[in-house]
Amino acid sequence: MEAPAYHIYPLGDRGLTIELGKDINATTNRQVHQLFRQLQHNPIQFVSDIIPAYSSVSIIYDTNAIKKAFPHELAFDYVKGQLIDRLNSLDTYETNHLIKHIPVCYDVSLAPDLKAVAAHAQISVEELIRIHTALVYTVYMIGFLPGFPYMASVDKKIQMPRKAQPQLIVPAGSVGIAGEQTGIYPLDSPGGWQLIGQTPLLLFDVALETPCLLEPGQQVQFNAISLAEFYAIKKEISA
Amino acid sequence: MSIRILKPGLLTTLQDAGRMGFQHLGVNPGGAMDLRAMQTANALVLNGLDEAVIEFYFPAPVIQFKAASFIALSGADFSATANGTPIPINHPIYLPANTVLQFNRKIQGQIGYLAVQGGFDLSDWLNSYSTNLKVAAGGFEGRTLLTGDEIDLKRHAKWNGSGIESAVMPWKAATESFYTTNPFRFIPGNEFDLLSEHAKKIFTTEGFTIQPQSDRMGYRLHGPTLDVAISTEMISTAVTRGTIQRLPSGQCIVLMADHQTTGGYPRIGHIISADLPGLAQKGSAEVLHFTPTDLFTAENLWVAQEQHLQQLKNACILQLDAYHRIPF
């Protein structure tokens with residue numbers, strides 16, 4: 001595969017960003033995750049973090065260690081060179097194609113904005129649930145909070161902008177919509193997305209060696225569950 | 001063999017150099033706000049430079065040392081006393097068993113560090129001892145220290161002193177090169193050119209005042225409004241410690257240790273790493289000035305600080321060795 005068009009710029013003096021596009025689209029994001037996998041499997045020495053986002057990948061590195069190894073080079077230039085070397089074989093590493101199914105309860109008691117989103121879309125709540133659960137979403141990136149997945153793309157019919165005033169406390173597990181994105185709050189936190197359901201699953205569990213339920217690039221589909229099932233799963237998890 | 005918290009202080013946590021390798025899952029590095037102070041304190045007691053230390057603000061904690069300990073304080077100077085006797089920052093200090101360490105008033109800086117020889121006996125979370133308050137993990141039980149907490153030490157002080165009185169070693173760490181004052185240097189960010197020419201000029205000439213709602217996540221600034229020449233919707237991308245974001249109000253925030261991993265506001269610059277310790281020690285109502293620099297300068301300053309720390313650690317080993325040879 002040919003290397004995509006890119007722009008590399010410094011992210012301070014211990015990091016850089018490679019931008020592969022300027023908008024949210026599936027093709028660019030697939031390249032982001034291919035590059036992310038490539039950098040995980042074929043790591044650049046002295047790199048501590050690789051952060052995929054919608055259309056960019058950022059790399060955090062140990063400037064001091066690089067300067068020790070290559071005193072006559074900018075650490076930035078060293079990492080940039082290593083990165084460019086890895087751009088030509090992006091399709092070597094495909095992302096995980098297994099779909100992760102996430103149970104979501106679309107009951108108004110757990111979904112304060114369910115009716116508003118349905119009204120906005122001029123459809124019934126049942127139709128809203130059917131549309132939200134019909135598509136397979138991609139985790140475009142994880143950010144904002146530990147384990148918060150930014151997923152896209154939501155069917156145009158049910159897209160709704162985020163709220164003008166963020167809600168002070170959104171309960172952990174809440175599933176929201178913001179424009180073409182859908183996401184899940186891993187922790188109780190302030191948030192402005194339209195809340196249409198809640199999952200009983202823990203998106204982020206500090207007790208686990210792999211604390212994050214989802215990973216960047218993963219495929220996700222929601223399954224509607226009843227309120228009784230929601231509480232049964234929740235009870236099982238906390239036991 | 002432990003320390004006991006008699007009073008908790010305003011915000012007292014265990015921190016190390018930060019949690020690397022999990023930002024793709026939204027887990028930020030955290031770590032000591034003033035990395036150089038953390039490392040200085042560790043060097044003085046011959047710890048590994050990135051050993052976990054106690055980070056504290058003012059009002060600071062009151063701490064009792066159950067066993068004889070070899071400690072160092074660095075970063076802010078909060079007028080410390082050991083059983084009532086004044087002790088300085090940036091010196092190694094021997095404390096006999098049952099010493100009570102307290103801090104009496106703010107003299108300089110905002111954030112203090114306490115290193116104890118041998119380090120604290122903690123379990124790590126994702127390869128780091130830094131406290132992540134948001135997810136309540138890492139450090140000591142994932143939280144700020146509270147009255148009554150007992151934190152075990154990994155081992156006894158190697159050196160045994162005279163046993164009864166605290167003793168300040170007569171050598172001192174030179175930390176001046178870690179603490180830039182104004183202007184703070186920045187690498188222009190990818191969105192710097194979104195600013196109007198007027199705003200660019202303002203940003204590098206006018207002063208910006210640190211607001212009281214600043215914290216470990218970021219220092220909020222107030223100054224002249226920065227206009228944008230081009231108004232664009234930005235999509236989220238990574239941010240880092242030192243990133244200066246322009247908020248929709250035209251004001252700025254400088255991201256600090258507990259920053260989010262990604263953000264959607266224009267990044268007009270990044271404070272260079274070598275100037276972050278100085279920035280961390282600035283407090284509410286202090287005025288900051290900014291001046292641009294280049295990567296060559298920024299990387300070399302950072303490396304020079306690292307070298308200075310290594311020299312400091314080597315010097316401390318020699319000094320302590322020589323000190324031991326003097327008969328009491």
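Tutor: Ten residues of domain 1 of chain A are in contact with ten residues of domain 2 of chain A. Bear in mind that this is a predicted model. The assignment puts domain 1 at 7-92 and domain 2 at 99-238, and their C-alpha centres lie 30 Å apart. Between them about 840 Å² is buried, with carbon and sulfur atoms giving 59% of that. On the domain 1 side, Ile24(A), His33(A) and Tyr54(A) account for 54% of the buried area, more than any other three residues.

Now the polar side of things. There is one salt bridge between the two domains: Arg37(A) pairs with Glu215(A), with the closest N and O atoms 2.8 Å apart. Seven residue pairs are in polar contact across this boundary, both partners at pLDDT 80 or more. α1(A) gives the most to the domain 1 side, with five residues. By class, that side has six nonpolar, three polar and one charged residues.

Next, the contact with chain B. Here 48 residues come from chain A and 37 from chain B, and about 3500 Å² is buried, 62% of it from carbon and sulfur atoms. In chain A, Asp13(A), Arg14(A) and Asn64(A) lose the most area, together 17% of what that side buries. One salt bridge is counted between the chains, and Lys67(A) forms a salt bridge with Glu299(B), at 4.0 Å between the closest N and O atoms. There are also 15 residue pairs in polar contact, and β3(A) gives the most to chain A's side, with five residues.

Technical notes: Residues numbered from 1 in each chain as written. Chains lettered and ligands numbered in written order. Predicted model: local features only at pLDDT ≥ 70, side-chain atom pairs only at ≥ 80, totals over all residues. Heavy atoms only, no water. Contact = heavy atoms within 4.5 Å. Buried area = accessible area lost by both parts, 1.4 Å probe. Salt bridge = Lys/Arg side-chain N within 4 Å of Asp/Glu carboxyl O. Polar contact = N/O pair within 3.5 Å; in protein donor to acceptor, adjacent residues only side chain to side chain. Helix = DSSP H or I, 4+ residues; strand = E, 2+ residues; numbered from the N terminus. Domains from an automatic or database assignment. Nonpolar A, V, L, I, M, F, W, Y, C, P; charged D, E, K, R; others polar.
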